[in-house]
Amino acid sequence: MSLEGLKLLLVDDEADLCQVLSWDFEDVGIQVTTANGGNEAIDLLKGNQFDVVLSDIKMPNGDGVELLEYIHKNKVEIKGVFLMTGYSDYPVKDLMEMGLNKLFKKPIEVDELLNEFRALG
């Protein structure tokens, strides 16, 4: 899959991380929209189409698991949903049953993410 023109919704409450990741993704042609929490991301999903969602899990304004649940329950058309966390206490199997493609541990490797995006086909 070519990354040129891929529409990514990037969700994290850390503005600096969003900025750095946005630059990395935009350098390879990905169109990035950012949200500072799950609630804002859900609002964006209601009025826009995205190919991929990459979200932190722990956020004060709606967490990544709630966002994944929304996507799953509302059958939002997304090619891939990826979550990232600095913690390791999440039942990955349960998250995958809701449509999660992969859980990444922070600090995140951008090249690994890009390879996952390419593999979506």
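I began with helices α1 and α5, where L21, D24 and F25 of α1 meet V110, L113, L114 and F117 of α5. By class, I count six nonpolar residues, no polar and one charged in the contact of α1 with α5. The model is a predicted one, and I read every entry below with that in mind.

**Entry: geometry of α1 and α5**

I looked up the axes next. Helix α1 covers residues 15–26 and helix α5 residues 110–119; their axes come within 11 Å and cross at roughly 55°. That angle makes α1 oblique to α5. I noted the crossing of α1 past α5 as right-handed.

**Entry: α2 against α3**

I then took the pair α2 and α3. These helices pack at an angle of about 25°, and their axes are 9 Å apart. Because angles under 35 degrees count as roughly parallel, α2 is roughly parallel to α3. The crossing of α2 and α3 is right-handed. From α2 the contact takes G38, A41, I42, L45 and K46, and from α3 it takes L67, Y70 and I71. I sorted the residues in the contact of α2 with α3 by class: six are nonpolar, one is polar and one is charged.

**Entry: Y70**

I stayed on α3 for Y70, which is found in that helix. Is Y70 buried or exposed? Its relative accessible area is 18%, and the cut-off for buried is under 20%, so Y70 is buried. Leaving out residues up to four places away in sequence, I find Y70 touching I42, L45, K46 and V76. I also looked up Y70 and G38: they are 32 residues apart along the chain, and their C-alpha atoms are separated by 9.5 Å.

**Entry: the cores**

I turned to the largest nonpolar core, which has 23 residues. Within this core, L9, L45, V53, L67, I71 and L95 touch the most other members. Two or more residues each come from β1 (7–11), α2 (38–47), α3 (64–73) and β4 (80–85). Which element gives the most to this core? It is α3, with five residues. Another core, of 19 residues, lies apart from it, and L8, L10, L113 and L114 are among its members. As background, I note that nonpolar side chains tend to be buried together in soluble globular proteins.

With residues up to four places away in sequence not counted, L9 touches T33, A35, A41, L44, L45, F50, V52, V53 and L54.

**Entry: A35**

A35 is on that list of contacts of L9, so by the cut-off for contact, heavy atoms within 4.5 Å, I looked at A35 itself. A35 has its place in strand β2, residues 31–35. With a relative accessible area of 3%, A35 is buried. Its contacts, leaving aside neighbours within four places in sequence, are L9, L10, V11, D12, C18, E40, A41 and L44. I checked A35 against V11: the two are 24 residues apart in sequence and 4.8 Å apart in space, C-alpha to C-alpha.

**Entry: D56 and G64**

I looked up D56 in strand β3, residues 52–56. D56 counts as buried, at 5% relative accessibility. What does D56 contact, leaving aside its neighbours within four places in sequence? I find V11, D12, D13, G64, L83, M84, T85 and K106.

G64, one of those contacts of D56, has its place in helix α3. At 0% relative accessibility, G64 counts as buried. Apart from neighbours within four places in sequence, G64 is in contact with S55, D56, I57, M59 and L83. G64 and G47 are 17 residues apart along the chain, and I have 19 Å between their C-alpha atoms.

**Entry: backbone exceptions**

Most residues other than glycine have a negative phi, and most peptide bonds are trans. I looked for departures and wrote down two places.

K106 and P107 are joined by a cis peptide bond, with omega about 0°. P107 is found in the loop between β5 (102–105) and α5. K106 is also among the contacts of D56.

K75 is not a glycine, and its phi is positive, near 50°. I place K75 in the loop between α3 and β4. Is K75 buried or exposed? K75 is exposed, with a relative accessible area of 70%.

Definitions and conventions:
Residues numbered from 1 in each chain as written. Predicted model: local features only at pLDDT ≥ 70, side-chain atom pairs only at ≥ 80, totals over all residues. Heavy atoms only, no water. Core = buried A, V, L, I, M, F, W, Y, C linked by side-chain atoms within 4.5 Å. Buried < 20%, exposed > 50% of the residue type's maximum accessible area, 1.4 Å probe, protein only. Helix = DSSP H or I, 4+ residues; strand = E, 2+ residues; numbered from the N terminus. Axes fitted to C-alpha atoms, helices over the stretch in contact; angles between N-to-C directions. Parallel < 35°, antiparallel > 145°, perpendicular 65-115°, else oblique. Left-handed = near helix turned anticlockwise from the far one by under 90°. Nonpolar A, V, L, I, M, F, W, Y, C, P; charged D, E, K, R; others polar.
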